[in-house]
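Hi,

Here is the structure I promised to pass on. Have it open while you read, and I'll walk you through what turned up.

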Amino acid sequence: MRLIIVRHGESEGDVKKIHEGRADLPLTEKGLEQSKQVADFLKKNYKINAVYSSTLERAKKTGEIIAKECGLDLIEEPMLMEFNNGHLAGLSYDDAAEKYPDIRNLPVYESVYGQESLMEFRQRADVILARIMFENKHDDTVVVVSHSAMINQLFRSFMMLNVDSDVILYTGETGVHEWLVTDRKKLIVMTNYQQHLGKYE
């Protein structure tokens, strides 16, 4: 199975420099164009069998554009949503820092400020990744559109890293990761491919 993991295009939250998370903000015009570019890249380079997406608007719209370009129906999946950042959602970085100070060394099973715990976040990634792999054939190519933090959790799940691993997988706007699952091994084929963006990068 080939898994193509894609981050959504530029959103209004990216431009406004706010804690997005579960704040459901749309793509910018630039983000819409980025989504069209990644959709064109995927159609030209892969035979896509299914497209899954987070239900948050910025990822959902990116997923809709990709699915339409590939002649498929989008599969909306709430479990692919970004980290539930609770009370921080929609706040500027400065306001959030003042109202909700960062708490270091919090146990993975605990949470603050109405957020989900790190363990809950990782379990969500484990479940949806396993389900996507179960629902599709071993030779399918599946696109998964999500968010930067969730993509990190999917990566850690895929690589069976510890829940509190400090390994970070960077993903830019419409960055593409390609993972391959065979009978014998898991392969990281490509990370954060963005050459499809052309004039924007």
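Predicted model: local features only at pLDDT ≥ 70, side-chain atom pairs only at ≥ 80, totals over all residues.

Let's start with glutamate 77, which touches Ser53, Ser54, Thr55, Ile128 and Arg131, leaving aside residues up to four places away in sequence. You'll find glutamate 77 in the loop between β3 (74-76) and α4 (93-99). Is glutamate 77 buried or exposed? Its relative accessible area is 7%, and buried means under 20%, so glutamate 77 is buried.

Helix α5 covers residues 118-135, which makes 18 residues. From its first C-alpha to its last it reaches 26 Å, close to the 26 Å expected at 1.5 Å a residue. Which residues of α5 are buried? They are Phe121, Arg122, Arg124, Ala125, Ile128, Leu129 and Ile132. These residues cover an arc of only 155° around the axis, so they sit on the same side of α5. And what covers them? The list includes β1 (2-7), β2 (50-53), β4 (141-146) and α6 (148-158).

Arginine 122 is worth a click of its own. It belongs to helix α5, and with a relative accessible area of 9% it is buried. Leaving out residues up to four places away in sequence, arginine 122 touches Gln153, Arg156, Ser157, Met160, Leu161, Asn162 and Val163.

Methionine 160, one of the residues that arginine 122 touches, has a positive phi of about 55° although it is not a glycine. Methionine 160 is in the loop between α6 and β5 (176-181). Its relative accessible area is 66%, and exposed means over 50%, so methionine 160 counts as exposed.

Asparagine 105 also has a positive phi, near 60°, and is a residue other than glycine. Look for asparagine 105 in the loop between α4 and α5. At 80% relative accessibility, asparagine 105 is exposed.

While you're around α5, look at histidine 138, in the loop between α5 and β4. Is histidine 138 buried or exposed? With a relative accessible area of 65%, it is exposed. Histidine 138 and arginine 2 are 136 residues apart along the chain, yet their C-alpha atoms are separated by 8.3 Å.

Next, the other helix I looked at. α2 (29-45) has 17 residues and reaches 25 Å from its first C-alpha to its last, close to the 24 Å expected at 1.5 Å a residue. Its buried residues are Gly31, Gln34, Ser35, Gln37, Val38, Ala39, Phe41 and Leu42. What do they pack against? The partners are β1, α3 (57-69), β4, β5 and β6 (186-193).

In the loop between α1 and α2 you'll come across alanine 23. At 12% relative accessibility, alanine 23 counts as buried. Apart from residues up to four places away in sequence, alanine 23 touches Arg58, Ala89 and Gly90. Alanine 23 and leucine 56 are 33 residues apart in sequence and 8.4 Å apart in space, C-alpha to C-alpha.

Last, the largest pocket. How do you find empty space in a model? Rolling a probe the size of a water molecule over the atoms shows where empty space is left. About 1300 Å³ of space lies in the largest pocket here. It is lined by 46 residues, and the closest to its centre are His19, Phe83, Asp102, Gln115 and Ala149. Two or more lining residues come from each of α1 (12-16), α5 and α6. Which element gives the largest share of the lining? That is α6, with five residues. Sorted by class, the lining has 19 nonpolar, 15 polar and twelve charged residues.

Conventions. Residues numbered from 1 in each chain as written. Heavy atoms only, no water. Helix = DSSP H or I, 4+ residues; strand = E, 2+ residues; numbered from the N terminus. Expected span 1.5 Å × (residues − 1). Buried < 20%, exposed > 50% of the residue type's maximum accessible area, 1.4 Å probe, protein only. Arc of directions from axis to C-beta. Contact = heavy atoms within 4.5 Å. 1 Å grid on protein atoms, 1.4 Å probe; cavity = no way out; pocket = protein on both sides within 12 Å on 5 of 7 lines; lining within 4 Å. Points joined across faces, edges and corners; volume = space filled by probe spheres on them. Nonpolar A, V, L, I, M, F, W, Y, C, P; charged D, E, K, R; others polar.
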